[in-house]
Amino acid sequence: MKKLLRRSTSVGVYGDAREQVELGASIFVNVNYNLVSAVKRFNLSTVAYDGEDLDGLTQTLGVWNGEKLVFIQNDDGYEWWNNLKLLWKYGLSTIRTQRLVDDTMNKFLKMYEAPIFPFKSLGEAAIHAGLSASSKTSAQLLEENGIHAPFSSDIIQAATRVNYAQNLAQIHGLETMVCMVANGAISVNGGNWQIFDRMLRHNQNEILLNTRVTDVSLLEDRGQYLVKSTSPMSNGLEESTNTEARNFDTVIIAGPLQFSNISIRPTPAFPPASTPYVTLYVTLFTSPYLLNPSKFSLRNSADVPTTILTTLPMDGGSSASFFSLGILRTVTNPHIQPNRKEYLYKLFSPTRPSLNDLIETLNVPAPNHTSSSMNDHENVITWKYDKKWHSYPYLPPRKTFDSPQLDVTGKLWYTSGIEPFISTMETSSLMGKNVAQLIVDDWLLEEAASMPEKAVE
């Protein structure tokens, strides 16, 4: 079966479709009401995100500032930051953070219900919900609430870097609060992509895979939009392109318009602004070797955390060259006889790492490490897959956001305007639900207006 994938893309380790791993959008939490509801509705099985089985290897988490590990904990579950060890080390900043997160989430959930939902203006909805944190940097928000370094730099910034590849001085406060929501982190067995696949297939909708929309043009005389698309076709001997044009009463653009290459005529009355997106490299690789202790200023391999997040050094020294690196789980390499247990790693970085970069992070015995033969390299990194993403927008403070309605008549809609507000699977689903409700409300109004008034006796 072909998959409907985007942010929740998964790939098969060693090219094996049975050994799936997600490149991004790996988890969601209990407060993600739309996703949790969909999982229950479609009877999807989930697993708690508390660290996979590492075949006896102790799961640990560390925060590295490019020079030293500033925090280590013997647990890499998603609720790692919210425990007594942090309270002992960082004091009241941990409690104040939890209170601020809870307050922010309670306000955010107001956007799911009347009188705020559905909303035609995201900015006005945020104001009515009391969400002002998006209008200031995270550094400002934390200081205003008595949350100080080193907790903010060691722990909170590690969270914003692994989730959004941005630091506290740049990212707005609302997104940082989202990063710190940790309760009940879960994922769907086999990949979160199944949630959205089931959503689209549930009502037997017509789904056109491998089809690219090229043009959306208003037919003023009909009050409809003409949508042109292209798709590859083959007669068994040669490849060609099929072009199709269809009329639609309503069109929803459900991805960042700036990356779509869709031509819209006439120009939308309320066009979305071009938003800078982060370029992120996700690298998956397997190896029989654990991480190199000397890479992280440690002596013994047993001391190296299985998951490493990064932050910036407070003294302004050299920063880490990556955002996060960790062992996801152990896997069995089917291409080596006898089959061998190996470690599956995931690396988030701002640039694509070279093969030597990856090898240097591993605790490889000296003869293999210094050898330049490809065969030895293949014995160190036995499988690799990397992906360049426009993963999420840069998230500086802002008060205004793109309108979900692009035209005057309410026939052309857009869901990605919520990305600079909060960029998650859940908020994308919230905006999708919001737009759907606005469209239905307009249809009901049109139907009511077209019905003849009852005669008054």
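1. Basis of the model. The model is predicted, so local features need pLDDT of at least 70 and side-chain atom pairs count only at pLDDT 80 or more, while totals for chains, interfaces and linings use all residues. Residues are numbered from 1 along each chain as its sequence is written, and side-chain values use heavy atoms, without hydrogens and water.

2. Aromatic pairs. A pair of aromatic rings is described by the distance of the centres and the angle of the planes. Rings of Phe, Tyr and Trp (its six-membered ring) pair if their centres lie within 6.5 Å; planes under 30 degrees apart are stacked, over 60 edge-to-face, and the rest tilted. The count by this rule is 12 aromatic pairs. In one of them, Tyr14 and Trp383, the ring centres are 6.3 Å apart and the planes stand at 55°, so this pair is tilted. Tyr14 is in the loop between strand E1 (10-12) and strand E2 (20-22), and Trp383 is in strand E16 (residues 383-393), 369 residues apart. Helices (H or I, at least four residues) and strands (E, at least two) are DSSP runs, numbered from the N terminus.

3. Buried means under 20% relative accessible area, exposed over 50%, and partly exposed in between (1.4 Å probe, protein chains only). Tyr14 counts as buried because its relative accessibility is 10%, and Trp383 is buried at 14%. For Trp64 and Phe296, the centres are 5.0 Å apart and the planes are at 80°, so the pair is edge-to-face. Trp64 and Phe296 are both buried.

4. Salt bridges. A salt bridge is a side-chain nitrogen of Lys or Arg within 4 Å of a carboxyl oxygen of Asp or Glu; the count is 12. Arg246 bridges to Glu206, with the closest N and O atoms 3.0 Å apart. Arg246 also meets Glu244 in a salt bridge (3.9 Å, N to O). Arg246 is partly exposed at 28%, whereas Glu206 is exposed at 56%. Lys411 and Glu446 form a salt bridge, their closest N and O atoms being 3.6 Å apart. Lys411 is buried because its relative accessibility is 16%, whereas Glu446, at 42%, is partly exposed.

5. A charge over a ring. The charged end of Lys387 sits over the ring of Trp389, 5.3 Å from its centre (the rule requires NZ of Lys or CZ of Arg within 6 Å of the ring centre and within 35 degrees of the ring normal).
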